[in-house]
Every structure is written in C-alpha cells, then in structure tokens.
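Have it open while you read.

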Amino acid sequence: MSNTKIYKLEGKVQHYTWGGTDFIPALLHLTNTDKKPFAEYWMGAHDNVPAEVVLPDGSKQPLNGFIKQDAAALLGSNVNKRFGRLPYLFKVLDVKDMLSIQVHPSKKAAESAFAAENMKGTPLNASNRNYKDDNHKPELMLALSDFWLLHGFKAPQALVTILMQTPELQFLVPVFDGKNYHALYELVMTMDQHEVEEHLQPLLDRIVPLYEKGFLNRSEEDFWAARAAKTFCDANKIDRGIFSIYLFNLVNLKPGEAIFQDAGIPHAYLEGQNMEIMANSDNVLRGGLTNKYIDVPELMHHTKFEPVIPDILKGTTGSVTGETVFPTPAADFELRRLELKAGTPVALTAATAEIYFVYEGAVKASADAHEINLEKGAALFTTAGASFTFQPAQNALIFRATVPQ
Ligand SMILES: [Zn+2]
C-alpha cells in the first residue's frame with residue numbers, strides 16, 4: 001500500500017422507483033434523458049454496494065476490499081477494534097414518492113435474527129428475507145430541501161385529537177384508550193383486509209377529491225394519506241400503512257435541520273432531499289406504504305410503543321472554522337457540515353476513515369505533495385490520521401462523515 005492518505009471516491013446510484021429524476025443527476029453532472037429514478041447515492045463500504053476508491057494511477061478499487069487490506073491503519077486502531085469495518089454508510093437521497101413505513105432493529109436483535117435466517121437457509125436476496133446483515137441501523141438525516149417525514153408515535157393528546165378530527169378513524173379512540181400504542185398499532189396492522197377497506201374507503205372517498213383539487217396542505221395528514229392512496233393502492237387493495245400516517249408525528253424539516261432515528265422508532269420519508277448517515281446496514285422491517293415484503297410479527301417485535309417528541313437538531317459549533325457537528329447517541333457515525341469561504345484554507349485531520357461530500361462549490365484537497373480537485377458532487381476518502389488541507393476556489397458546502405471524537 002502506498003503512503004497516499006487521501007483519495008477521490010466514487011459512490012453508487014440506487015435506482016429505486018421512489019426516487020426523483022433530476023436532483024441526483026444534476027448533483028453528479030449526469031444526464032438522465034430516459035428519466036430513470038435516481039433515489040440514492042451511496043458512499044460507503046457495504047458489501048452489496050461498495051463505493052470505489054480512485055487510486056493515484058487512476059485505477060479503481062471497491063472500498064470494502066480496499067479497507068480490508070489494511071483495516072487497522074485505514075480505520076485507526078480504535079475503530080478497527082470496535083467495528084472491524086467502516087462503521088457508517090453515507091448517502092444522498094431524493095424522495096419523490098414516499099418510502100415505506102419502517103423500523104430498524106437493535107444491534108443485539110439484528111445479530112440473532114440474521115443468524116436465525118441464515119440457519120433457516122433463506123437466501124440473502126430472497127424477497128421474504130428481513131435481515132441483510134447482522135447490524136443495527138440508527139440513522140441521522142439532514143434536510144437539503146424542505147423535507148417531510150413521519151417520525152415516531154404522536155403524543156397521546158395529539159393522537160386523540162387527530163383521530164377525533166377524522167370521522168372515519170374515530171373507532172380507534174377507545175382502542176388507544178389514551179395510552180395503548182401497542183393495541184392500537186396491532187389492530188391496524190393485523191385487521192382483515194376487508195376491514196381495512198371498510199374503514200379507509202370512506203376516508204379516501206372524502207379526501208382524495210380534496211387532494212386532487214389542491215385543497216389539502218402538506219401540513220395535514222389527509223394530504224399524505226390521499227397521496228399514498230394514489231401512489232400505492234390498486235383498485236382492490238388499500239394499503240393499511242395509511243392508518244400510520246395519522247398515528248405518527250408529521251414532521252417538516254427546513255434545509256440544514258436534522259433528525260435522528262434510533263432502533264425501534266417507526267418512520268417514513270415522504271418528500272424532499274437529504275443527506276443521510278447510518279450504521280453500515282440494510283436491515284429494514286416494513287409496515288406499509290410499499291409493495292415490498294411486510295412481516296407484521298417481526299415489525300411489532302422491534303417497534304417501541306411509546307410517544308415520541310421529534311427532536312429537531314440544528315447542530316453545534318465544531319472545532320474547525322465553519323464546522324457544525326450533529327452529535328447523536330450512535331457510536332457508529334457522526335455527521336459534520338463544513339462551510340468554507342473562498343480563498344480561506346482549512347486544515348483537517350481525519351479521526352478514522354472519513355468521507356467528505358462536496359455539495360456546493362469547489363475545493364482542492366492537498367496532503368503532502370498529493371492534490372485532488374473536487375467539484376460539486378465529488379467525494380473524498382481519507383484514511384485515519386490523514387492531515388490535509390481544503391483550499392476552496394469558491395465558497396463551498398461540504399458534508400463530512402466520521403465517528404464521534
Ligand atoms: Zn430508516
């Protein structure tokens with residue numbers, strides 16, 4: 001291995017159907033004439049979709065294999081001992097159509113459930129496979145645009161209020177009984193499909209025409225319920241995930257605001273663009289608003305049945321000039337935002353293997369005699385302990401993936 005400490009990194013696009021067609025192609029300077037959905041851009045070392053490191057001779061190598069060659073040196077000995085791999089996965093998301101309602105397992109639960117599915121012989125890529133790896137997946141997302149999501153169960157009073165305000169859902173008030181999140185969620189997730197239709201058809205008959213006429217607002221649950229009906233439901237089957245839109249907090253983040261999703265917190269992204277950083281995992285248990293596999297007992301088992309007051313994070317000032325830190329309880333990752341001024345160089349030292357994503361502007365990264373030009377949409381990979389300098393040719397906005405220091 002050479003002494004190089006900084007490398008250009010090329011991520012991988014995921015073309016999930018819910019993605020937008022313009023945002024990520026524009027960011028990456030790609031054309032998208034056939035209007036394919038560009039949902040996510042992955043910068044990480046997940047074994048299924050590793051990014052590629054560009055070596056000084058121009059050749060490319062998958063990041064997972066690159067790190068394995070000398071994990072202790074590249075990750076730093078602490079991170080290598082604790083995780084044995086790049087602990088985080090860093091992404092850009094463009095959500096045009098809402099994503100499935102989901103919950104992520106805890107680390108312990110993921111380890112045993114992954115082993116159990118392996119024992120059963122369920123292939124890793126099977127559609128009914130819940131666990132793709134043995135890891136937990138806490139997530140932090142930072143809004144790049146006005147962003148809408150569902151996040152955790154509403155507080156009791158807010159929940160009763162929305163159920164009372166929605167005539168078709170008033171039957172749920174006695175089930176909830178002011179506190180029983182488990183009974184409420186179990187009922188809507190396990191009732192027969194014909195009962196789902198019985199309750200939701202009148203609701204949709206009332207709100208879809210309002211949605212179509214533009215009378216509903218994004219700050220109303222009805223807006224998203226009507227949109228979900230138009231996105232996911234065929235004529236003979238209404239998606240029961242629509243109930244959840246009313247049960248969970250409807251959250252609006254402004255650009256620069258972030259939110260953390262720990263194991264067990266049900267959530268769903270509804271619309272907008274964000275940067276996301278998470279533990280290196282693809283473990284998702286789904287609860288509706290999807291055509292993908294749903295395992296209700298497994299979902300119930302991993303969901304925390306408690307009210308959540310959304311904690312919108314604005315970040316704290318970091319030690320580097322122009323740096324904002326978004327601390328979370330997760331040891332696997334930390335997101336930082338760097339606002340650099342044209343002509344003012346900034347010196348950095350990488351705490352572990354770090355990834356920097358240039359969201360706006362352009363910078364030159366230099367370490368010793370090695371220089372890399374990074375324009376908007378480019379990413380840099382640095383090894384643990386690398387000392388380098390960013391020289392911004394223009395004002396630049398950079399997102400930094402690291403671990404808590
Ligand atoms: Zn998630």
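1. The lining of the second largest pocket splits into six nonpolar, five polar and six charged residues (Ala, Val, Leu, Ile, Met, Phe, Trp, Tyr, Cys and Pro count as nonpolar, Asp, Glu, Lys and Arg as charged, the others, Gly among them, as polar). Its 17 lining residues include A45, H46, D47, R85 and N280, which lie nearest the centre. Helix 2 (residues 63-69) gives the most to this lining, with three residues.

2. Before going on: this is a predicted model, where local features need pLDDT of at least 70 and side-chain atom pairs 80 or more, while totals for chains, interfaces and linings use all residues. Numbering runs from 1 along each chain as its sequence is written, and side-chain values use heavy atoms, without hydrogens and water.

3. The largest pocket holds about 760 Å³ of space. It is lined by 35 residues, with W18, S100, R286, T290 and K292 closest to its centre. By type, that lining has 14 nonpolar, 10 polar and 11 charged residues. Strand 12 gives the most, four residues; strand 3 (40-44), strand 6 (88-95) and helix 10 (221-232) are among the elements that supply at least two each.

4. On pocket terms: a pocket is an open set of points on a 1 Å grid over the protein atoms alone, where a 1.4 Å probe fits, with protein on both sides within 12 Å along at least five of seven lines; lining residues have an atom within 4 Å of a point.

5. Overall, 58% of the 405 residues count as buried (under 20% relative accessible area, 1.4 Å probe, protein chains only). The C-alpha trace spans about 70 × 50 × 40 Å along its principal axes.

Note on methods. Grid points are joined across faces, edges and corners, and a volume is the space filled by probe spheres set on the points. Buried means under 20% relative accessible area, exposed over 50%, partly exposed in between (1.4 Å probe, protein chains only).
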